[in-house]
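Hi there,

Here is the structure I promised to send over. Have a look at it first, and then read on for what I found.

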Amino acid sequence: MTKRIEIAPSILSADFANLGREIERVQIGGADIIHIDVMDGHFVPNITIGPPVVASIRKTTGLPLDVHLMIENPDRYVDDFMRAGADWISVHVEADVHIDRTLRYLKECGVKAGVAINPGTSLTSLQEILPLADFVLIMTVNPGFGGQKFIPSSPNKIRKLREIIASNGYKTRIEIDGGIGPENLRKVLIAGAQIIVAGSAIFNPRKDASEAVKELKGIARQRIRELKVD
Ligand code: DX5
Ligand code: ZN
């Protein structure tokens with residue numbers, strides 16, 4: 001199992017009028033990736049941003065942009081998001097009928113290809129495509145909104161996926177998204193999560209975003225130290 005743990009602030013909870021400054025703050029705190037939530041009002045009951053905003057964000061940071069497509073027919077839009085500067089793209093297994101083709105295409109284009117999976121969807125739906133995916137994004141809340149409560153059965157799902165990946169010798173990494181903060185980060189890391197998305201725990205009016213990232217990075221570092229001794 002890889003001993004790298006990355007923190008990916010989700011800009012969904014950031015101040016959109018000051019996005020450049022918000023991204024700068026998390027970068028100062030040591031963010032590894034910027035997570036961008038794209039919602040279409042169909043696949044999820046919310047609408048967020050599209051390729052032009054991703055292109056603007058691209059100009060403000062050198063960090064990898066991780067674009068999470070919570071949209072129907074994501075294959076129709078991946079070119080637009082790649083052109084806008086996405087480095088990682090995840091499509092939902094529930095939303096893409098031809099997901100094998102989409103993942104192969106993303107990889108051919110040199111983008112990290114991810115498959116996202118809702119809390120109510122079984123891991124068995126990943127069986128055929130797991131070897132193709134650079135990462136799996138396990139939703140630990142039902143997608144659509146920031147600030148929701150972490151679903152308690154999630155660590156079990158993470159653990160199961162980690163075992164499937166390890167027993168098959170795949171290189172697929174595990175990203176998790178939803179309801180993560182300093183209070184439950186350790187638990188999901190022990191379960192096997194490697195890329196941690198956090199929105200409201202970082203972009204929170206009661207906290208400085210850079211300090212919030214530093215706190216999560218500190219918990220991740222502690223876990224890496226433990227893995228090295230194991
Ligand atoms: C939810 C989004 C998440 C969201 C996480 O549908 O995919 O990325 O921003 O927000 P928190 O960390 O507040 O649950
Ligand atoms: Zn997301």
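**The pocket and its ligand**

In this predicted model, the largest pocket is the space that ligand 1 takes up. The elements that contribute two or more residues to the shell around ligand 1 are strands S2 (34–39), S3 (65–70) and S8 (195–198). Of these, S2 gives the most, with 3 residues.

Which residues come closest to the ligand? Ligand 1 is surrounded by 20 residues, and the closest are Ser-10, Asp-37, Gly-144, Asp-177 and Ser-200. Sorted by class, the shell around ligand 1 holds 10 polar, 8 nonpolar and 2 charged residues.

- Asp-37: an N or O atom of the side chain lies 2.7 Å from an oxygen atom of ligand 1.
- Asp-177: here too a side-chain N or O atom is 2.7 Å from an oxygen atom of ligand 1.
- Gly-199: a polar backbone atom sits 2.8 Å from an oxygen atom of ligand 1.

As for cover, ligand 1 on its own has 380 Å² of accessible area, and the protein covers 100% of that.

**The chain as a whole**

Stepping back, the chain's secondary structure comes to 7 helices and 8 strands. Along the principal axes, its C-alpha atoms fill a box of roughly 45 × 40 × 30 Å. The radius of gyration is 16 Å, which agrees with a compact globule, because one of 230 residues would have a value near 17 Å.

Best wishes

Notes. Residues are numbered from 1 along each chain as its sequence is written. Chains are lettered from A and ligands numbered from 1 in the order in which they are written. This is a predicted model: local features need pLDDT of at least 70, side-chain atom pairs count only at pLDDT 80 or more; totals for chains, interfaces and linings use all residues. Side-chain values use heavy atoms; hydrogens and water are left out. A residue is near a molecule or strand if one of its heavy atoms lies within 4 Å of it. A polar contact is a pair of N or O atoms within 3.5 Å; within protein, one must be able to donate a hydrogen and the other to accept it, and residues adjacent in sequence count only if both atoms are side-chain atoms. Accessible areas come from the Shrake-Rupley method with a 1.4 Å probe; for residues, only the protein chains shown count as cover. On a 1 Å grid over the protein atoms alone, a cavity is a set of points where a 1.4 Å probe fits but cannot get out, and a pocket is an open set with protein on both sides within 12 Å along at least five of seven lines; lining residues have an atom within 4 Å of a point. A molecule sits in a cavity or pocket if more than half of its atoms lie within 2 Å of its grid points. Helices (H or I, at least four residues) and strands (E, at least two) are DSSP runs, numbered from the N terminus. Ala, Val, Leu, Ile, Met, Phe, Trp, Tyr, Cys and Pro count as nonpolar, Asp, Glu, Lys and Arg as charged, and the others, Gly among them, as polar. The radius of gyration is taken over C-alpha atoms; the globule rule is 2.2 Å times the number of residues to the power 0.38.
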